[in-house]
Amino acid sequence: MRQTKGLSGKLFSALGRNGINVVAIAQGSSEYNISVVVKRHDLSKALNAVHDAFFIRTKKTLHVFYLGTGNIGRTLLRQIAEHEDYLLEHRSLKIKVVAITNTRRMVFDEEGIPLKCWENYLQEHGEPASLDKFIQRMQSMNLPNSVFIDNSASAEVVKHYEDIFTSSISIVTCNKIGNSSEYSLYKRFKDAVKKYGVDFFYETNVGAGLPIISTLHDLLVSGDKILKIEAILSGTISYIFNAFKGDRHFYEIVREAQAKGYTEPDPRDDLSGLDFMRKMLILARDSGYAVEMQDVEMEPILPESCLKAPSVEAFYEALRQEDAHFEAMKKKAEAEGKVLRYIGVMDQGKVSIKLHAIDASHPFYFLTGSDNIIAFTTPRYRDCPLVVKGPGAGAEVTAAGVFADLVKVGAQ
C-alpha cells in the first residue's frame, strides 16, 4: 500500500458499488495494511467483490438473475452460451446465470445454471414461478456484481425496479414500459441509479440492437446538445410505407406485412403508433425534457372505421373500403416527387408523430424494407445530421443489444 496509490480507493469503490456499508476502518502506522469492518451478512459478498477488484488476472463474475424465456430470452441465453469462451479470453468476464424465471417456473443455482440445457434444468429442478418470491430470493442471496435482466414487456415487473436498485443490483432491460410511463417514475429510476451506484442499461428500448440510446448519451456526455430528432422507429410501419408505391394497395401491403411476421396478430397494435410513441418519449426524456405521453401530438394512420372494426377480418374489410383515402395521399405525394413516411419528431422538447411527404433531399427518402432510422441534429451536426440506420426488430438483434448492455455492466 505504501508504494501504490489508489489501493484504498479501489477497495472502498468495490464495496460501495455492491452496496456494502463499512462500519469501521483501521490502518496501522506502517501503511502495510488496512482493515475494514462490515456486517456479517455481507461478508461473503464483500470478499468476492474485493477479490474481483484486485486480482485483475482472474475473471470478473457477473451473477445474472434472468426473467423471460420468450423469443428474445431464448436467443439471448444461446448467445451467452456461445460466447462464454470469448468473453473469458478477451474480456476476463464470466457471466454466471444463477436464476431463471418465466411465468410458469423458476429455478436458482448459485453455482450457475448450465445454459446449453437450461430448459430441461428449469423443468427438472424448478418450482412454481412467483415474481415476488423471485425478487426476494435474488435480494437474499446477496451476491456481488448482481444483474437483473428483464426480457419481458410486463408492467408488473417494472414495479420492482426501484426495490432492485436499492439492493445494489443493476438492471438490463428491453422492457420499455418503465421508461415511457409517467415521467415521475422515469425520474425515480434515474435518481435511484445515482444514489445506489448501479447500472441501468436499456439500449433495446429504442431500435432493438441499433446504437441509438448510447449514441444519444455519448453526444450529451461529450457536451453536445440535442436540438432535433427525426425518426422512424417501427419496423412494421416502415415496411408498409416503404412498399406503398406504384399500383400497390395499402390493405394488400398490410396483409403482406402480417404474412411475413412483421405485425402483431392484430395489425392495429402496430399501426396505432403507441409503441412508436413510447420510443419517442424515451428519446425526449433522455435528451433532457420532462415529456408526458399526453404531450405527444400523434396523427393516426388509420381512419376511425378501421380502428373500431370488431375483428381482424372486419378491420381488413374496413381498410379495403378506405382504399381511396390512402390512394389519394399516395398519388398526391408521387405527383410532387415525394414518398410517404410516418415520422416521429422531437424539436426542442416538443414531440409529434405524423405522416409526412418527403423528397429525395431527406435522409429517410431512400429507406427500404423494415429498417429503422434516426437523425440527430445537434450544434456539431447541424448542417448534416448524424444518422443511425439498420434493422430495428427481430430476436437476434434485440438479444444482441441486451447482451451488449450486460457486457457493459461487466466493464464498470
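**View 1. Helix H13 packs against helix H17.** Helix H13 (residues 250-259) and helix H17 (residues 312-321) pack with their axes 8 Å apart, at an angle of about 150°. The two helices are therefore roughly antiparallel to each other. Phe-250, Tyr-251, Val-254, Arg-255 and Gln-258 of H13 meet Glu-313, Phe-315, Tyr-316, Leu-319 and Arg-320 of H17. By class, this contact of H13 with H17 has 6 nonpolar, 1 polar and 3 charged residues.

This is a predicted model: local features need pLDDT of at least 70, side-chain atom pairs count only at pLDDT 80 or more, and totals for chains, interfaces and linings use all residues. Residues are numbered from 1 along each chain as its sequence is written, and side-chain values use heavy atoms, with hydrogens and water left out.

Terms for this view: helices (H or I, at least four residues) and strands (E, at least two) are DSSP runs, numbered from the N terminus. Axes are lines fitted to C-alpha atoms, for helices over the stretch in contact, and angles run from 0 to 180 degrees between N-to-C directions. Angles under 35 degrees count as roughly parallel, over 145 as roughly antiparallel, 65 to 115 as roughly perpendicular and the rest as oblique. Contact means heavy atoms within 4.5 Å. Ala, Val, Leu, Ile, Met, Phe, Trp, Tyr, Cys and Pro count as nonpolar; Asp, Glu, Lys and Arg as charged; the others, Gly among them, as polar.

**View 2. Seven strands form an open sheet.** The order is S6-S5-S4-S3-S7-S8-S9, with mixed pairing. S6 and S9 are the edge strands, and each pairs on one side only. Two strands pair if DSSP finds at least two bridges between them. Helix H6 (residues 131-141) lies across S3, S4, S5, S6 and S7. H6 runs at about 10° to S5.

View 3. Strand S4 (residues 93-101) and strand S5 (residues 105-108) run antiparallel, joined by 3 bridges. A hairpin of 3 residues connects S4 to S5. Thr-101 stands opposite Met-106 of S5. S5 also pairs with strand S6 (residues 127-128), in the antiparallel sense, over 2 bridges. Here Met-106 stands opposite Glu-127 in S6. Arg-105 has Pro-128 of S6 as its bridge partner.

View 4. The structure holds 2 cavities of 30 Å³ or more.

A pocket is an open set with protein on both sides within 12 Å along at least five of seven lines, and lining residues have an atom within 4 Å of a point. Grid points are joined across faces, edges and corners, and a volume is the space filled by probe spheres set on the points.

**View 5. Helix H12 gives the largest share of the lining of the second largest cavity.** About 30 Å³ of space lies in this cavity. Ile-232, Ile-237, Ser-238, Phe-241, Asn-242, Arg-341 and Tyr-342 line the second largest cavity. Helix H12 (235-243) and strand S12 (339-347) are the elements that give two or more residues. The share from H12 is 4 residues. By class, the lining has 4 nonpolar, 2 polar and 1 charged residues.

**View 6. The largest pocket is lined by 40 residues.** Its space is about 1,100 Å³. Lys-176, Glu-264, Asp-275, Lys-279 and Ala-393 lie nearest its centre. Helix H3 (71-82), H12, helix H14 (268-271), helix H15 (274-286) and helix H19 (395-411) each supply at least two lining residues. H15 provides the largest share, 5 residues. The lining divides into 11 nonpolar, 22 polar and 7 charged residues.

**View 7. Helix H10 gives the most to the lining of the second largest pocket.** About 470 Å³ of space lies in this pocket. Of its 23 lining residues, Lys-190, Phe-200, Tyr-202, His-217 and Asp-286 are the closest to its centre. Helix H10 (183-196), strand S9 (200-201), helix H11 (213-221), H15 and H19 give two or more residues each. H10 contributes 7 residues. By class, the lining has 9 nonpolar, 4 polar and 10 charged residues.

Notes:
On a 1 Å grid over the protein atoms alone, a cavity is a set of points where a 1.4 Å probe fits but cannot get out, and a pocket is an open set with protein on both sides within 12 Å along at least five of seven lines; lining residues have an atom within 4 Å of a point.
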